[in-house]
Amino acid sequence: MSARELLKDLPIAFDLDGTLVDTAPDLVRALNASIAPHGLKPVPVADVRAMVGRGARALIAKAYEREGRALAEDVLQDRLDHFLAVYREAIAVESRAFEGVETVLDSLAGAGARLSVCTNKPQALAEALLDALKLAGRFERIVGPEGAPAKKPDPSHLLAAFGHEPAGASVLVGDSEPDVLAARGAGALSIVFEGGYSEKPARTLGADRLFTRFDELETVLLDALSHAGR
């Protein structure tokens with residue numbers, strides 16, 4: 001079977017933060033703006049990249065924890081609201097698609113693959129980010145946690161991103177454990193980007209395939225499909 005035949009009508013969902021887009025700089029900017037009024041020191045980007053997938057609430061809690069500061073629930077909610085307001089206002093100041101993302105998305109779509117986004121980022125923010133980066137039009141659907149019965153690692157989130165339960169092969173391209181678990185639960189192949197935001201080393205996640213650059217992704221994907229009997 002040719003490459004184009006393998007890819008035709010193939011459902012491929014992509015995680016967003018740490019997979020398609022390096023969003024950490026803007027997330028940390030919003031984090032530091034939300035904790036500065038309480039006198040906390042700025043958190044370096046490198047310190048929180050691996051935690052981005054846990055969400056803004058966890059980032060804020062960790063910032064207080066690292067300075068030994070107690071954080072009441074009402075204060076956390078107030079800081080979260082501030083974080084979201086700052087982030088929403090300037091969502092793509094420093095965020096950029098990883099090198100090669102646009103090229104591989106266009107190639108996959110040109111071969112007939114059905115592309116979507118499956119993200120634990122609030123859907124309105126995901127849509128705003130992808131719009132700002134001129135990526136949104138490449139996807140049939142963008143599904144945040146509000147658009148599914150439960151968020152990743154629950155497989156229902158991935159199935160919502162596909163739009164249906166695929167009769168044949170399907171793929172989730174992600175960067176962390178929730179992606180691998182969601183794919184496994186949905187019977188999809190998991191392909192993990194090693195340059196993402198995983199808290200655990202990518203090679204320990206049990207993904208079907210790994211890749212380090214987006215110009216490798218299509219080759220890795222085709223190899224995985226061939227061995228899966230697509």
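**Exercise 1.** Determine how α2 passes α4, at what angle the two helices pack, and which residues meet.

*Solution.* The model examined here is predicted.
- Step 1. The crossing in which α2 passes α4 is right-handed.
- Step 2. Helix α2 spans residues 24-35, and its axis lies 10 Å from that of α4, at an angle of about 55°.
- Step 3. Angles under 35 degrees count as roughly parallel and those from 65 to 115 as roughly perpendicular; α2 and α4 are therefore oblique to each other.
- Step 4. On the α2 side the contact consists of Leu 31, Ser 34 and Ile 35, which meet Leu 59, Ile 60, Ala 63 and Tyr 64 of α4.
- Step 5. Sorted by class, this contact of α2 with α4 has six nonpolar residues, one polar and no charged.

**Exercise 2.** Describe the packing of α4 with α5 and the classes of the residues in their contact.

*Solution.* 
- Step 1. Helix α4 covers residues 56-65 and helix α5 covers residues 73-89; their axes come within 10 Å and cross at roughly 120°.
- Step 2. This angle makes α4 oblique to α5.
- Step 3. The crossing of α4 past α5 is right-handed.
- Step 4. From α4, the residues Ala 56, Arg 57, Ile 60, Ala 61 and Tyr 64 meet Glu 73, Leu 76, Gln 77, Arg 79, Leu 80 and Phe 83 of α5.
- Step 5. The residues of this contact divide into seven nonpolar, one polar and three charged.

**Exercise 3.** State how α6 packs with α10 and which residues make the contact.

*Solution.* 
- Step 1. The axes of α6 (residues 101-110) and α10 (residues 217-228) are 10 Å apart, and the helices pack at an angle of about 40°.
- Step 2. That value makes α6 oblique to α10.
- Step 3. Val 104, Ser 107 and Leu 108 of α6 make the contact with Leu 217, Glu 218 and Leu 221 of α10.
- Step 4. By class, four of the residues in the contact of α6 with α10 are nonpolar, one is polar and one is charged.

**Exercise 4.** Identify the residues that touch the most other members of the largest nonpolar core.

*Solution.* 
- Step 1. In soluble globular proteins, nonpolar side chains tend to be buried together.
- Step 2. The largest nonpolar core has 63 residues, of which Ile 12, Phe 14 and Phe 139 touch the most other members.
- Step 3. Neighbours within four places in sequence aside, Phe 139 is in contact with Phe 14, Leu 20, Leu 105, Leu 115, Ser 116, Val 117 and Leu 130.
- Step 4. Another core, of eleven residues, lies apart from the largest one and includes Cys 118, Ala 182, Ala 186 and Ala 188.

**Exercise 5.** Is Val 180 buried or exposed, and which residues does Val 180 touch?

*Solution.* 
- Step 1. Val 180 lies in helix α9, residues 177-186.
- Step 2. Buried means under 20% relative accessible area; Val 180, at 1%, is therefore buried.
- Step 3. Not counting residues up to four places away in sequence, Val 180 touches Ser 190, Val 192, Leu 205, Gly 206 and Ala 207.

**Exercise 6.** Locate Ala 150 and state which residues are in contact with Ala 150.

*Solution.* 
- Step 1. The loop between β5 (141-143) and α8 (155-162) holds Ala 150.
- Step 2. With a relative accessible area of 24%, Ala 150 is partly exposed.
- Step 3. Leaving aside neighbours within four places in sequence, Ala 150 is in contact with Ser 156 and His 157.

Notes: Residues numbered from 1 in each chain as written. Predicted model: local features only at pLDDT ≥ 70, side-chain atom pairs only at ≥ 80, totals over all residues. Heavy atoms only, no water. Axes fitted to C-alpha atoms, helices over the stretch in contact; angles between N-to-C directions. Helix = DSSP H or I, 4+ residues; strand = E, 2+ residues; numbered from the N terminus. Parallel < 35°, antiparallel > 145°, perpendicular 65-115°, else oblique. Left-handed = near helix turned anticlockwise from the far one by under 90°. Contact = heavy atoms within 4.5 Å. Nonpolar A, V, L, I, M, F, W, Y, C, P; charged D, E, K, R; others polar. Core = buried A, V, L, I, M, F, W, Y, C linked by side-chain atoms within 4.5 Å. Buried < 20%, exposed > 50% of the residue type's maximum accessible area, 1.4 Å probe, protein only.
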